[in-house]
Amino acid sequence: MKPKTVAELHNYVGNVVTVTFKSGESEQGQLGFTKEFSSKYNYRRPGWFTINNIDFKLSHITSLDVM
């Protein structure tokens, strides 16, 4: 399934998911959201989602599966 809105994707933050990106690569882990550029978020991009060491936006994914 592919979330259609950012609000829908926010519902999965904190869950273990598998994300498939437009590049065809997949990543499994806990979905996070970066609220601000700070050490608390390891200086990630604000407004972006994270999984493991990867930052991405909704537009970068083709599917999301909740484990």
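Tutor: Let us begin with the contacts of threonine 18. A contact means heavy atoms within 4.5 Å. Not counting residues up to four places away in sequence, threonine 18 touches Ser26, Glu27, Gln28, Ser63, Leu64, Asp65 and Met67. This is a predicted model, in which local features need pLDDT of at least 70 and side-chain atom pairs count only at pLDDT 80 or more, while totals for chains, interfaces and linings use all residues. Residues are numbered from 1 along each chain as its sequence is written, and side-chain values use heavy atoms, with hydrogens and water left out.

Student: In which element does threonine 18 lie, and is threonine 18 buried or exposed?

Tutor: Helices (H or I, at least four residues) and strands (E, at least two) are DSSP runs, numbered from the N terminus. Threonine 18 lies in strand S1, residues 16–21. As for cover, buried means under 20% relative accessible area, exposed over 50%, and partly exposed in between, with a 1.4 Å probe and protein chains only. Threonine 18 has a relative accessible area of 15% and is therefore buried. S1 as a whole is mostly covered, five of its six residues being buried.

Student: Which elements does the protein contain, and in what order do they run?

Tutor: The protein has one helix and five strands, and from the N terminus on the elements run α-β-β-β-β-β.

Student: How should I read the pairing of S1 with strand S2?

Tutor: Strands of a sheet pair through backbone hydrogen bonds, either parallel or antiparallel. By the rule used here, two strands pair if DSSP finds at least two bridges between them. S1 and S2 (residues 26–33) pair in the antiparallel sense over five bridges; valine 16, for instance, has glutamine 30 in S2 as its bridge partner. The hairpin of S1 and S2 has four residues between the strands, and glycine 24 takes a positive phi near 100° there.

Student: How many bridges join S1 to strand S5?

Tutor: Five bridges join S1 to S5 (residues 61–66), and these strands run antiparallel. Valine 17 stands opposite valine 66 in S5, and the bridge partner of threonine 18 in S5 is aspartate 65.

Student: What is the order of the strands in the sheet?

Tutor: The five strands form an open sheet in the order S4-S3-S2-S1-S5, with antiparallel pairing. Strand S4 (54–56) and S5 stand at the edges with a single partner strand each, so one side of each is left without a neighbour in the sheet. The twist averages 40° from one strand to the next.

Student: Which residues make up the largest nonpolar core?

Tutor: A nonpolar core is a set of buried Ala, Val, Leu, Ile, Met, Phe, Trp, Tyr and Cys residues joined through side-chain atoms within 4.5 Å. The largest one has twelve residues: Leu9, Tyr12, Val17, Val19, Phe21, Leu31, Phe49, Ile51, Phe56, Leu58, Ile61 and Leu64. S1, strand S3 (49–51) and S5 are the elements that give two or more residues to this core, and the largest share, three residues, comes from S1. Tyrosine 12, one of the core residues, touches Met1, Leu31, Leu64 and Val66, not counting residues up to four places away in sequence.

Student: How many aromatic pairs are there?

Tutor: Rings of Phe, Tyr and Trp (its six-membered ring) pair if their centres lie within 6.5 Å; planes under 30 degrees apart count as stacked, over 60 as edge-to-face and the rest as tilted. By this rule there are three aromatic pairs. Phenylalanine 21 and phenylalanine 56 form an edge-to-face pair, 5.2 Å centre to centre with 75° between the planes. Phenylalanine 21 lies in S1 and phenylalanine 56 in S4, so the pair ties together parts that are 35 residues apart in sequence. Both of these phenylalanines are buried. Ring pairs also link Phe21, Phe33, Phe49 and Phe56 into a cluster.

Student: Where is methionine 1 placed, and what does methionine 1 touch?

Tutor: Methionine 1 is in the segment before helix H1 (6–10) and counts as partly exposed, at 44% relative accessibility. Not counting residues up to four places away in sequence, methionine 1 touches Glu8, Tyr12, Ser63, Leu64 and Asp65. The C-alpha atoms of methionine 1 and valine 66 are separated by 9.3 Å, although these residues are 65 apart along the chain.

Methods: Axes are lines fitted to C-alpha atoms, for helices over the stretch in contact, and angles run from 0 to 180 degrees between N-to-C directions.
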